[in-house]
Amino acid sequence: MAKITLSKLRHSYLPHPANIQDYALKEIDLDWQDGGAYALLGPSGCGKSTLLNIISGLLKPSSGRILFNDRDVTDLPPDQRNIAQVFQFPVIYDTMTVRENFAFPLRNRGVDEEKIASRVEQIAALLEVEDMLDIRASNLSPDNKQKVSMGRGLVREDVNVVMFDEPLTVIDPHLKWKLRSKLKELHQRVGATMIYVTHDQTEALTFADQVVVMQEGEVVQIGTPVELFERPQHVFVGHFIGSPGMNILPVTLKDGDVLFENHVMALEGPVIGSGGQLQLGIRPEFISFADQGIRGQVHKVSDVGRHSIVEVVVGSSHVKAVGAGQMPAKGDWVNLAFRQDQTRLYRDGWIATEAQA
Amino acid sequence: MKTENQKAWFFVLPVLLLVAFNALVPIMTVVNYSVQETFGNNVFFWQGVDLFEQILRSERFQAALGRQFLFTASILIIEVPLGIIIALSMPRQGIWVSVCLVMMALPMLIPWNVVGAMWNIFTLPEIGLLGYLMNNVLGITYDMTQNPFAAWVTIIVMDVWHWTSLVVLLSYAGLVSIPDAYYQAAKIDAASPWKVFRYIQLPKMKTVLTIAILLRFMDSFNIYTEPFVLTGGGPGNSTTLLSIDLVKIALGQFDLGPAAAMSLIYFAITLLVSWLFYTLMTKDDRK
């Protein structure tokens with residue numbers, strides 16, 4: 001188990017990167033505590049898999065250092081870093097039985113047979129695959145294959161960190177949920193540092209204590225699931241997390257007032273900085289219908305089960321609101337009330353209001 | 001809704017006719033010849049299975065069959081491992097991939113009789129490049145027209161030159177289909193290069209290798225043109241493989257009955273070995 005420190009990491013797939021756009025990872029600094037459950041969340045191509053492969057040692061970064069427990073491992077190959085990695089598609093050794101698959105990493109490291117047998121039994125019990133130990137791994141179902149590839153990582157006692165690279169992609173929906181809760185349970189029982197890469201917010205938010213949101217090779221925000229939801233530091237986080245995402249509305253500044261479609265908006269706190277392009281951010285959950293407020297016409301109502309999403313046209317902007325119970329119908333004129341402590345200003349994408357204590 | 005009629009058979013009819021004319025009818029003609037003896041004038045005498053017995057007991061057939069198995073075994077033992085080694089050392093990406101693939105495919109594009117003629121000229125003592133080099137420059141006696149061992153070495157090397165590429169190309173196709181994650185997982189599991197080959201590459205190549213070996217077996221077991229052009233079956237009978245012997249009996253001596261019986265035995269052996277091999281190789285997959 002280890003604390004992981006990433007210091008000034010940069011990576012480019014080009015041999016001679018000329019400018020910042022050539023980098024798949026643009027300067028990453030992170031500190032991960034021993035035994036934590038972390039998620040790397042971001043859209044495809046944001047650099048999260050690159051980052052994962054750098055931590056596991058499959059890729060060598062263009063610059064920067066990786067430290068495990070303050071020990072520099074940047075130049076160590078993967079097998080000497082004591083890491084485990086579970087890939088998007090289950091990687092199993094087809095010709096071996098499940099038992100031989102589990103024993104493989106230990107045998108390669110010269111562990112004695114008695115010790116291997118007991119570890120294999122332990123891991124099989126942990127993953128609930130005891131009855132499959134003597135089946136050939138190629139005959140398993142995808143979710144069990146994924147368990148086997150997980151087991152090959154966990155079987156080593158000295159494992160520093162277990163990494164998951166979108167491990168549920170090929171799993172059937174009804175088994176996804178099962179395997180996900182199994183992962184969470186494993187984390188609690190094994191106690192190793194775990195890093196989970198995904199583009200699925202539900203997976204990230206349910207698995208991790210702390211989520212790192214990435215976009216275009218940069219870390220946009222690090223926080224608990226609640227923090228990411230409640231107070232996004234960047235419009236990207238607000239938009240990417242939540243269903244539907246945060247409303248991002250165009251605003252202008254006039255005589256110290258923030259104007260949205262000619263309405264003066266009340267913000268959570270004082271505005272920081274100046275210049276730049278201004279946007280207003282508020283989650284649909286914090287907009288309600290009232291007797292007074294911003295007037296708009298209902299454009300679309302989608303009933304998604306427990307609640308409805310109402311899209312209202314205000315001037316030339318579309319505003320989404322979420323609510324339960326009796327909802328206005330399409331074409332109705334409504335008044336929208338924005339909750340003040342959840343209404344924030346963003347400057348060039350980044351948050352520009354101070355939180356009220 | 002399900003309608004039942006027999007219309008579907010009409011769609012199969014063209015294929016059925018084609019197969020009948022290019023396979024069934026010729027084979028049945030051979031079967032017809034194999035149970036009769038003729039001395040010309042279209043007069044036939046019923047022989048039953050006598051001709052089969054006669055062929056199977058003849059020392060000439062047994063010797064030719066032995067040579068045939070020796071030849072096929074030799075080229076398989078050389079071509080399969082060599083093909084795998086070449087495939088493993090070929091680049092997986094970059095401009096060299098297509099260069100390597102084209103170079104590999106070249107020998108297979110040359111017509112069989114040209115290959116035989118090429119190697120014949122190449123290896124002739126005194127005038128051939130290789131023959132001259134061996135005898136007159138290196139001082140090693142090498143004459144495939146006189147020495148049976150030299151003739152054998154030459155036909156085997158020729159076949160290896162001509163057909164190893166097939167094993168290479170099929171193995172290579174198997175290799176490039178292995179996802180990177182397998183190699184990455186192997187690195188993390190501290191697997192040695194041998195274990196990567198044994199537990200990842202070889203199992204993933206198994207299907208294409210089965211096909212490659214099967215094709216090489218059938219082709220080499222039925223080989224005729226190249227050794228016939230190169231050595232003509234000699235010196236003596238030392239490189240008279242089954243097919244060469246068959247042609248000698250059928251067209252040289254015009255013994256149609258024995259030749260037909262021999263063809264059927266030949267066909268049965270090829271079929272049996274191929275079936276056995278394929279069944280053994282795919283046994284695990286069907287479990």
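Chain A has eight helices and 22 strands, where helices (H or I, at least four residues) and strands (E, at least two) are DSSP runs numbered from the N terminus. The model is a predicted one, in which local features need pLDDT of at least 70 and side-chain atom pairs count only at pLDDT 80 or more, whereas totals for chains, interfaces and linings use all residues. Residues are numbered from 1 along each chain as its sequence is written, and chains are lettered from A and ligands numbered from 1 in the order in which they are written.

Along the principal axes, the C-alpha atoms of chain A fill a box of roughly 75 × 50 × 35 Å. The domain assignment, whose bounds come from an automatic or database source, divides chain A into domain 1 (4–230) and domain 2 (247–351), and the C-alpha centres of these two domains lie 39 Å apart. Of the 357 residues in chain A, 39% are buried; a residue is termed buried if 20 or more other C-beta atoms, placed from the backbone, lie within 10 Å of its own, exposed if 12 or fewer do so, and partly exposed in between. Among the contacts in chain A with a separation of 6 or more, 66% are accounted for by residues 24 or more positions apart, a contact being a pair of residues whose C-beta atoms, placed from the backbone, lie within 7 Å.

Strand β1 (residues 4–11) of chain A is joined by five bridges to the antiparallel strand β4 (residues 63–68) of chain A, and A:Ile4 stands opposite A:Phe68 in β4(A). When residues up to four places away in sequence are not counted, A:Tyr196 touches A:Tyr38, A:Ala39, A:Phe164, A:Ala204, A:Phe207 and A:Ala208.

Between the chains, 20 residues of chain A are in contact with 12 residues of chain B. On the side of chain A that touches chain B, the elements that give two or more residues are β6 (83–86) and α2 (98–108) of chain A. By class, this side of chain A has 12 nonpolar, four polar and four charged residues, where Ala, Val, Leu, Ile, Met, Phe, Trp, Tyr, Cys and Pro count as nonpolar, Asp, Glu, Lys and Arg as charged, and the others, Gly among them, as polar.

Several backbone features of chain A fall in loops. A cis peptide bond, with omega about 0°, joins A:Ser243 and A:Pro244, and A:Pro244 is placed in the loop between α8 (235–240) and β11 (247–250) of chain A. A:Asn82, in the loop between β5 and β6 of chain A, has a phi near 55°, a positive value in a residue other than glycine, and counts as partly exposed because it has 19 C-beta neighbours inside 10 Å. A positive phi, near 45°, is also found at A:Glu261, again a residue other than glycine. The loop that holds A:Glu261 runs between β13 (257–260) and β14 (263–264) of chain A, and with 17 C-beta neighbours inside 10 Å A:Glu261 counts as partly exposed.

Two residues of chain B were examined individually. B:Ser263, in helix α12 (residues 256–281) of chain B, is buried, with 21 other C-beta atoms within 10 Å. B:Ser263 touches B:Val30 and B:Leu246, not counting residues up to four places away in sequence, and is 16 residues from B:Val247 in sequence and 9.8 Å from it in space, C-alpha to C-alpha. B:Trp112 lies in helix α5 (residues 112–123) of chain B and, with 15 C-beta neighbours inside 10 Å, counts as partly exposed. Leaving out residues up to four places away in sequence, B:Trp112 touches B:Thr225 and B:Glu226, while B:Trp112 and B:Ile223, though 111 residues apart in sequence, are 9.8 Å apart in space, C-alpha to C-alpha.

Notes
Pairing = 2+ DSSP bridges.
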